[in-house]
Amino acid sequence: MVRIGAPAKVNLDLRVLHRRPDGYHEVRTLLQSIALEDTVSIRPRPGPLTVRSRMPAVPRDAANLVWQAAARLWSALGRRGDPRGAAISLRKAIPAAAGLGGASSDAAAALRGLAAVWADGGGGARLAEVAAAVGSDVPFFLRGGTVAASGRGEQLRAVRPLDPHWVVLAVPRPGVSTPRAYGWWDESAGAGSPRSAGRRPPRWRANLSRLGNDLEPVVVRRRPEIGALVARLRAAGAAHAAMSGSGSAVFGLFRARDAALAARAAVRGSDWSTRLTRTIGPQEFARRARLAVGGAGAGRRGLAGGGDID
């Protein structure tokens with residue numbers, strides 16, 4: 001049995017430039033890992049690959065990004081047919097359809113684990129190539145920390161890690177699908193004028209509130225509660241508050257834990273869940289994403305609760 005942590009992310013900044021000929025969108029984004037995480041467990045076993053989760057909404061077939069990642073790695077290893085020889089279990093803590101990258105992080109964690117189970121000697125280069133083919137965010141989750149991404153999100157560049165912050169998450173229900181959010185952006189009259197041609201503002205670290213999300217306005221028109229939550233987090237003193245990715249999750253950054261706790265209390269509501277977590281740098285991401293090998297209960301490394309801090 002191998003277990004791998006799969007931390008979530010928030011988009012500190014997201015700029016959408018244009019729709020590409022391949023149907024994706026050209027973006028410039030700043031990704032930040034957070035401590036909220038799923039856990040992916042993989043057990044070698046004969047027979048077809050299986051993917052299981054206690055959450056009924058998680059697909060168990062090729063609709064699951066983890067299954068797709070396994071199939072692509074299997075093919076990259078020169079093996080025919082559907083993937084075999086492993087049972088994958090997903091312990092979910094990251095909300096779905098929230099812009100927090102749960103499915104992509106699970107897929108990246110599965111690639112790491114399956115490379116070990118299937119004795120892949122191709123190393124990181126093969127995993128990076130497979131990850132880029134699986135999904136735009138998946139390559140980031142092989143790396144973690146604070147990373148600038150471009151292209152459709154698969155071209156990565158390391159930046160100086162963000163100073164530690166507490167993160168308040170508010171996740172309205174239902175979620176927002178990524179294709180729908182980008183479709184709304186395409187329909188928007190403002191879609192043809194991206195902010196500053198995709199360039200982040202200078203000295204953004206000194207004023208995080210200058211960062212933003214191009215998808216937020218078009219999503220808020222259909223989901224006004226998302227805009228209301230952003231405003232409430234700002235009013236509670238967040239250094240930066242925005243929708244993450246395509247939504248529906250909203251996040252606020254706070255330097256002090258007490259301030260984050262007070263802000264979480266201020267945004268509680270019956271129509272959304274809230275979480276308190278924190279940013280993590282590349283070293284902690286690497287520790288959480290490291291393979292732990294052993295039987296039941298081994299290698300948990302304090303991951304109980306999915307990295308959520310309550």
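Predicted model: local features only at pLDDT ≥ 70, side-chain atom pairs only at ≥ 80, totals over all residues.
## A proline in a loop

Where is the place of proline 174? Proline 174 sits in the loop between β7 (166–172) and α4 (178–187). Residues are numbered from 1 along each chain as its sequence is written, and side-chain values use heavy atoms, with hydrogens and water left out.

Proline 174 counts as exposed because its relative accessibility is 57%. (Buried means under 20% relative accessible area, exposed over 50%, and partly exposed in between, with a 1.4 Å probe and protein chains only.) Leaving aside neighbours within four places in sequence, proline 174 is in contact with Arg223 and Ser248, where contact means heavy atoms within 4.5 Å. Proline 174 and tryptophan 272 are 98 residues apart in sequence, yet their C-alpha atoms are 8.8 Å apart in space.

Most residues other than glycine have a negative phi, and most peptide bonds are trans. The peptide bond from arginine 173 to proline 174 is cis, with omega near -5°. Another cis peptide bond joins glycine 247 and serine 248, with omega about 15°. Serine 248 lies in the loop between β8 (240–243) and β9 (250–254).

Now for phi. Alanine 97, in the loop between β4 (84–91) and α2, has a positive phi near 50°. At 42% relative accessibility, alanine 97 counts as partly exposed. Arginine 203 is found in the loop between α4 and α5 and has a positive phi of about 55°. With 67% relative accessibility, arginine 203 counts as exposed.

Let's look along helix α1 itself. Its twelve residues should span 16 Å at 1.5 Å a residue, and the end C-alpha atoms are 16 Å apart, which agrees; the expected span is 1.5 Å times one less than the number of residues. At the N-terminal end, asparagine 64 caps α1, with a side-chain oxygen 2.8 Å from the backbone nitrogen of valine 66. After α1 comes glycine 78, whose phi is positive, near 80°.

Helix α1 (residues 65–76) also has a partner: its axis and that of helix α2 (residues 102–117) come within 8 Å and cross at roughly 35°. Axes are lines fitted to C-alpha atoms, for helices over the stretch in contact, and angles run from 0 to 180 degrees between N-to-C directions. The contact is made by Leu65, Val66, Ala69, Ala70 and Leu73 of α1 with Ala103, Ser104, Asp106, Ala107, Ala110, Leu111, Leu114 and Ala115 of α2. The buried residues of α1 are Leu65, Val66, Trp67, Ala69, Ala70, Leu73 and Trp74.

Helix α6 (residues 224–235) and helix α7 (residues 257–267) pack at an angle of about 145°, with their axes 9 Å apart. Which residues meet in this pair? Leu229, Arg232 and Leu233 in α6 meet Ala263, Ala266 and Val267 in α7.

Key:
Helix = DSSP H or I, 4+ residues; strand = E, 2+ residues; numbered from the N terminus. Polar contact = N/O pair within 3.5 Å; in protein donor to acceptor, adjacent residues only side chain to side chain.
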